[in-house]
Amino acid sequence: MPTSKTRKKKRNVDPRSAEPKRKPPSSRQYVITMFALMAFGVVFALISHVLQLFGGWGHWIGLAAIAAGFLMTTSYR
């Protein structure tokens, strides 16, 4: 019958060095930019729809700004 492999013993590691380094919180400028992009996208899409500017491209520009704002939320701390 085959024998199982033995496990290697762990080294003694200093518990203080095992803590992950935390990244600092997001700056106020980052948060302002994030919300400004989302608000700009909504306003731009509504205005381009009401005034029929940019021949339909206004909706895509607004949607891209909203998407950029939401993508920024993924790295917000």
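**Note on a loop and a helix**

1. Phenylalanine 54 counts as partly exposed, at 49% relative accessibility. The term covers values between buried, under 20% relative accessible area, and exposed, over 50% (1.4 Å probe, protein chains only). Phenylalanine 54 lies in the loop between H1 and H2. Helices here are DSSP runs (H or I, at least four residues), numbered from the N terminus.

2. A word on the basis. This is a predicted model, where local features need pLDDT of at least 70, side-chain atom pairs count only at pLDDT 80 or more, and totals for chains, interfaces and linings use all residues. Residues are numbered from 1 along each chain as its sequence is written, and side-chain values use heavy atoms, with hydrogens and water left out.

3. Look at the backbone of phenylalanine 54. Its phi is positive, about 65°, although the residue is not a glycine. Most residues other than glycine have a negative phi.

4. Glutamine 52 also has a positive phi, near 50°, and is not a glycine. Glutamine 52 sits in the loop between helix H1 (28–51) and H2. Is glutamine 52 buried or exposed? Glutamine 52 is exposed, because its relative accessible area is 68%.

5. Now move to helix H2 (residues 57–72), which holds glycine 69. Glycine 69 has 0% relative accessibility, so it counts as buried.

6. What does glycine 69 touch, leaving aside its neighbours within four places in sequence? Glycine 69 is in contact with Met34, Leu37 and Met38. Contact means heavy atoms within 4.5 Å. Alanine 36 is 33 residues away from glycine 69 along the chain, yet their C-alpha atoms are separated by 7.8 Å.

Methods. Helix = DSSP H or I, 4+ residues; strand = E, 2+ residues; numbered from the N terminus.
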